[in-house]
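Subject: Handing over the structure

Dear colleague,

I am passing the structure on to you here, and below it you will find an account of what was found. Please have the sequence and the model open while you read.

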Amino acid sequence: MTYFGELVINGISLGCIYTLIALGFVVIFKATEVVNFAQGSMLLLGAYFVARTHSRVGFVPAVLIGIAIAAVGALVIQQVLSRAKFADPITLSIITIGVDILLSTELTRRIGQQVLSFDDPWGNRTADLGPFTVPQARIAAMVVAAVLIGAFFAAYKYSSWGVATRATAEDFEAAALMGIRRNRVSMGAWLIAGALATVAGVFLGTSPSPGLNNTSNLTALNAFPAAVVGGLDSTGGAVAGGLLIGVVQSLTAGYNNDLSFLGSPLGDVSAYVVMLAVLLWRPSGLFGTREVARV
Amino acid sequence: MTSRWRLGVAGCIALALLASACSTKAKKSGTDTGGGGGSVKTGPGVTASTINLGVLTDLSGVFAVLGKSITQGAQIYFDDLNKSGGICGRSVKLNIKDDGYDVQKAVGLYADMSSSVLGMEQLLGSPINAALKQNVESDKMFTIPVSWASTILDNPNNMIVGATYDLETINGISWLMKNKGLKSGDTIGHIYIQGEYGENGYLGSQYAAKQAGLKLVGSQITATATDLSSQVASLKSKGVKAIVLTTTPTQTASVAAVDAASGLNVPLLGNSPVFVPQLLKTAAGPALEKFLYVTASWQPYSGDSAAATKVRDAYKARYPKEVPNGGVDWGYGGALAYATVLKKACDNKDLTRDGVQAAFRQTTSVDTDGMLPALDYSHPGDPATREVNIAQADAATEGGLKVVAPFSASDLATSYVAPMHGKG
Amino acid sequence: MFDVLRRRLGLVVGVVIVVVLAVLPLYVGAFWLQVGLFAFAAAIGAIGLNLLTGSTGQLSLAHAFFLAVGAYGYSYFSGTSTNIGGGIIVHGAGLPPFLALVLAVLLAGAAGLLFSPIASRLRGIYLGVASLALVFICQHLLLNAKSVTGGFYGRNAPPFSLFGFSFTDANPPLTVLNVEFGQRERLWYLGLALLVLAYLFARNVLRSRPGRALQTIRDSEVAAAVMGVNVRRYKAGAFVLSSMYAGLAGVLIALAFQRPVPDYFDLRLSITYLAMIVIGGLGSVGGAVAGAAFVTALPLVLTHYSNSLTFLAQPGQNGIGPAEFSNYVYGAAIIVVLLVAPGGLAGLAGRVRGSTGRRRRAEPVDVVHPEARDTDTARLPSGSALT
């Protein structure tokens, strides 16, 4: 039983990181209906600069620098996308694929074969949660994720930006008539997504992973199923999806030997199978809004 | 409609006739381009003054560090060799192309160079070797694959420089039993990646476990996984006393970190590719130094042999700013072995592809100046050596590895029958 | 005669290109032939993806899956039981290669049919993301179904043969106009023939009623439904047709590689095909072919000439090498094309044709709808490419 519990705890802690990345997808999708395929590269961008600057300015300032740079990068992408007048969301999403190719090629070239660490304050230390041993860095990830998610829900509900975003998502023409600048809403969303990606990237490089390397953005791909399972336009869904995918991956990896008739390794592919299964049942994700077309 | 068709057909015929009349390819014979210098028969890639060898490696993709260092080591050797006269009075020239670990590119680049080189001095990448297997066989291209999987020993064109992964694992497990308190009845775990490399290492531990009465728990992962806490937790729950690793360097560091953090604290035994010195700078460094032992059939950068010393001096002189790793030494040893075969072919007065293959099977002992154990290629399907050394990770040593047990082969390793025994 | 040429510029260009391609094997060596084989396969696959994504507006990233089905399907159907090493024995059906080719294409179509119910339930971008799943499931299957695919090692693709004439180096030996025709030369003609057929078929589909239905679905599913188009059936049909094209491309890939390995059929490959059709121009068959040729040849050509291209880093040096440079070109091309010239290469070609035509004829220029002059090739998506 403790083995099962340990796997679940591992899954939840990994799932919190997926939630952070998935939230980035959702924030952009809610504001602009664009799926940002470049989220993984934005993660790499922010985390790379954290890794490069931490030895000079310390961990926390480095994280702030990383967030700032990733946010600027996200803003640049948003400006590029807004140049495409009248383009529909799918075309814009394909443009983000192009951005992803550019960014990830450049960043993986710079990272090369290095394994970059962040000198985070948690290091390799662990803490005991009852009978389970969890790396302190993961506990920090869970706490940070909880705080950020809470901040989001509050912002969406109460802040003027949140209201503007919800209004734009509902009906952007009416919102524009009410004086809501669509560009402002979209810029805000991309900035937030860039910041979230950096935070997630930092936690991807802390214990138990040895550091940031040139395949870190591929781990970010696993957050795709998380965002889709929850529903691309639901922030609550991002949380649910992230945790679900994290736990599923951890369990299938932990019980792989017993499930070996399904082939091996099961960890990565299980996330996508779950995604397909959920989409078959609910075509817009578990908590996404159903599209209704009236003919 | 008819006039258009007539126009089209007439145009086609005219163009075709015109084109064929000027075709220069028609004059190509497509086989030997050798100039027959002296009384030595020569094949493609051999001129009166040069022997051209191909190097198809990864200098920009996931194995760039390895590809670069191996190529550097080979160049150090061949530059020395050319200074002292070369082979058969010809200097050896390497035609280096980067395929970025991309299979389609590799196939294209191979097609590009196959008719202008005598053999492939380096062919890096398991999927690339798999994809080119047909071509290498039909071209009779004598190749050093950068792979130590015993399952490719059946290819008569492949020269594996060193022992194979399964033998590394077998020797390593024997060493753990002799020196780290592992005994019959214990459980060991093996984390290995999908593919030829991982599965070959696992083959070895399956054999060793069976013969030595150990319980083996295998755990297969993808090559890109970086968080191995679930896998280590799974092994911990089965009570393993040691973990064998046939993984990528990043994954090795992850396992070491979790090994220490979760309180498992068991020794880790890795195959030769699991370690790069950059890992010692990460947070997992102390755990690696404490737990990791690496088996390899060539000396690490800090080795004490004459060859390793020569390589260190040359490397420091040519590439003072770069971080060295064991790939340089293996690259040097591989080049030396390849040249030994070519020298024999030269003695046989036959520098064609067939001649090189014949010389290969006559090579019973390659002396690499201590860089590797003596290599014997006269038994098709069997590895050239069964000996490995064991090294421990150490940040204070140049190259990050220091030898704790010199070349030797355990009884289990000697009794092991390689999967391709007798074939090739 | 020049009148004929001008009005049928597209056809003349096409014929010239085919003739040039037909005589190339008399000149070029192994490297270029290999590049050509890959390009032919890519072109056929790109035409298929274009039918789905460009003309019907269904974003799919699963193309690599159907390519793999074609490649391994052919290897399985025409192969026999062999021991490929590593203790793996692959099985095969031992059928004649031509039959194996047909079956592989049908198998890919069947796979497309299986996925189409899922595809038709999903709207817009959800389909694109769901198709990601297929690629990862594909990799998992390829590596684990060892008796069919050979697992990691891949398996040999038996050489093609037609009515006893085999497409290998010397069986029977063939010399045309003093040039030895080996395996690559013969496969070249097979690839060229298949490409021409694939191109003509796709063009006919797009110009006929089903093609117009697909394009209407792209522009607005609701409007199409209102006009009586059975949206579900047509979307499924587009999927099946696109997968069959991918299956055929997969067979050619298997023949070009001689030994396909699973490593090749990954997400990167799907994205590469997407880049091909975007650069070529969404919705244009000729554009898909041009885009495929460009994307396939660029990295190989850059590496081939890397010694003389001094702005690229030499092997082993730090800096931007041919591989990275090619990636930059694709990424930038996707962005630039979709931002500035949504018609891609086909759009550019159309504009060139339009301007030369207009210089000769004294026609008033349509000021209100300047894009609406060219109806021969692609419908230039005027900003709204997909729905």
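Between chain A and chain C, five residue pairs are in polar contact, with both residues at pLDDT 80 or more; a polar contact is a pair of N or O atoms within 3.5 Å where, within protein, one must be able to donate a hydrogen and the other to accept it, and where residues adjacent in sequence count only if both atoms are side-chain atoms. Before going on, please note that this is a predicted model, in which local features need pLDDT of at least 70 and side-chain atom pairs count only at pLDDT 80 or more, while totals for chains, interfaces and linings use all residues. Residues are numbered from 1 along each chain as its sequence is written, chains are lettered from A and ligands numbered from 1 in the order in which they are written, and side-chain values use heavy atoms, with hydrogens and water left out.

The interface of chain A and chain C

The contact (heavy atoms within 4.5 Å) takes in 47 residues of chain A and 40 residues of chain C. About 3900 Å² is buried between these two chains, 79% of it on carbon and sulfur atoms, where buried area is the accessible area (1.4 Å probe) that two parts lose on being put together, summed over both. Across this interface the rule finds zero salt bridges, a salt bridge being a side-chain nitrogen of Lys or Arg within 4 Å of a carboxyl oxygen of Asp or Glu.

On the side of chain A that touches chain C, α4 (89–111), α10 (223–230) and α12 (267–281) of chain A each supply at least two residues; helices (H or I, at least four residues) and strands (E, at least two) are DSSP runs, numbered from the N terminus. The most comes from α4(A), which gives 13 residues to that side. By type, the residues of the side of chain A that touches chain C are 32 nonpolar, eight polar and seven charged, where Ala, Val, Leu, Ile, Met, Phe, Trp, Tyr, Cys and Pro count as nonpolar, Asp, Glu, Lys and Arg as charged, and the others, Gly among them, as polar.

Salt bridges

Over all chains, the count by this rule comes to 13 salt bridges. In helix α4 of chain A, the side chains of A:R109 and A:E106 meet in one of them, at 3.0 Å from N to O, and the two residues are separated by about one helical turn because they are three residues apart in that helix. A:E106, A:R109 and A:R110 are linked in a network of salt bridges.

Another salt bridge, at 3.6 Å from N to O, is formed by the side chains of B:E199 and C:K146. B:E199 lies in helix α7 (residues 196–212) of chain B and C:K146 in helix α7 (residues 146–149) of chain C, so this pair joins two chains.

Within chain B, the side chains of B:K316 and B:E398 meet in a salt bridge of 3.0 Å, N to O. This pair links distant parts of the chain, with B:K316 in helix α11 of chain B and B:E398 in the loop between β12 (388–393) and β13 (401–408), 82 residues apart. B:K316 counts as partly exposed at 43% relative accessibility, as does B:E398 at 39%; buried means under 20% relative accessible area, exposed over 50%, and partly exposed in between (1.4 Å probe, protein chains only).

Buried parts of chain B

In strand β2 (residues 50–57) of chain B, eight of the eight residues are buried. Both faces of β2(B) are covered, with B:T50, B:N52, B:G54 and B:L56 buried on one side and B:I51, B:L53, B:V55 and B:T57 buried on the other. This strand pairs in the parallel sense with strand β3 (residues 91–98) of chain B over eight bridges, and two strands pair if DSSP finds at least two bridges between them. The bridge partner of B:L53 in β3(B) is B:L94.

B:T252, in helix α9 (residues 249–261) of chain B, counts as buried at 0% relative accessibility. Apart from its neighbours within four places in sequence, B:T252 is in contact with B:L245, B:T247, B:V274, B:L288 and B:L292.

Chain C as a whole

Chain C has 15 helices and six strands, and 56% of its 387 residues count as buried.

With best wishes
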